Amino acid sequence: MEITIIFRIALVGILVTILNQILKQSGRDEQAFLVSLAGLMLVLFWVIPYISELLQTVEDLFTF
């Protein structure tokens, strides 16, 4: 696993938090929710291959 994925996730989290606060302060709660949802989807697309690889490794480990 690369260390850059952790930095990417942290950067997305920081940006989403800042945008979320700005949008909520200006009364745009719907857009703040959509920004949070988009950030979550982006991170999930990055993490799903690693989860798949982990599950495949566990399956190979317990296969006789």
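Predicted model: local features only at pLDDT ≥ 70, side-chain atom pairs only at ≥ 80, totals over all residues.
Residues are numbered from 1 along each chain as its sequence is written, and side-chain values use heavy atoms, with hydrogens and water left out.

**View 1. The whole protein chain.** The protein chain holds 2 helices and 0 strands. Helices (H or I, at least four residues) and strands (E, at least two) are DSSP runs, numbered from the N terminus. The C-alpha trace spans about 60 × 20 × 10 Å along its principal axes. The radius of gyration is 17 Å, whereas a compact globule of 64 residues would have one near 11 Å. That radius is taken over C-alpha atoms, and the globule rule is 2.2 Å times the number of residues to the power 0.38. Of the 64 residues, 12% are buried. The accessible surface is about 5500 Å², with 72% belonging to carbon and sulfur atoms. Areas come from the Shrake-Rupley method with a 1.4 Å probe; for residues, only the protein chains shown count as cover.

**View 2. Helix α1 against helix α2.** Helix α1 covers residues 4–25 and helix α2 covers residues 29–62. They pack at an angle of about 170°, with axes 8 Å apart. Axes are lines fitted to C-alpha atoms, for helices over the stretch in contact, and angles run from 0 to 180 degrees between N-to-C directions. The two helices are therefore roughly antiparallel (angles over 145 degrees; under 35 is roughly parallel, 65 to 115 roughly perpendicular, the rest oblique). On the α1 side, the contact includes I5, V12 and L23. On the α2 side, D29, W46 and Y50 are among them. By class, this contact has 13 nonpolar, 4 polar and 3 charged residues. Ala, Val, Leu, Ile, Met, Phe, Trp, Tyr, Cys and Pro count as nonpolar, Asp, Glu, Lys and Arg as charged, and the others, Gly among them, as polar.

**View 3. V35 and its partners.** V35 is found in helix α2. Beyond its neighbours within four places in sequence, V35 contacts V16, L19 and L23 (heavy atoms within 4.5 Å). V35 and L55 lie 20 residues apart along the chain, and their C-alpha atoms are separated by 30 Å.

**View 4. V16 in helix α1.** V16 sits in helix α1. V16 counts as buried because its relative accessibility is 17%. Not counting residues up to four places away in sequence, V16 touches V35, S36 and G39. V16 and L37 are 21 residues apart along the chain, with 9.3 Å between their C-alpha atoms.

**View 5. I14 in helix α1.** Helix α1 also holds I14. At 51% relative accessibility, I14 counts as exposed. From I14 to L61 the separation is 47 residues in sequence and 37 Å in space, C-alpha to C-alpha.

Note on methods
Buried < 20%, exposed > 50% of the residue type's maximum accessible area, 1.4 Å probe, protein only.
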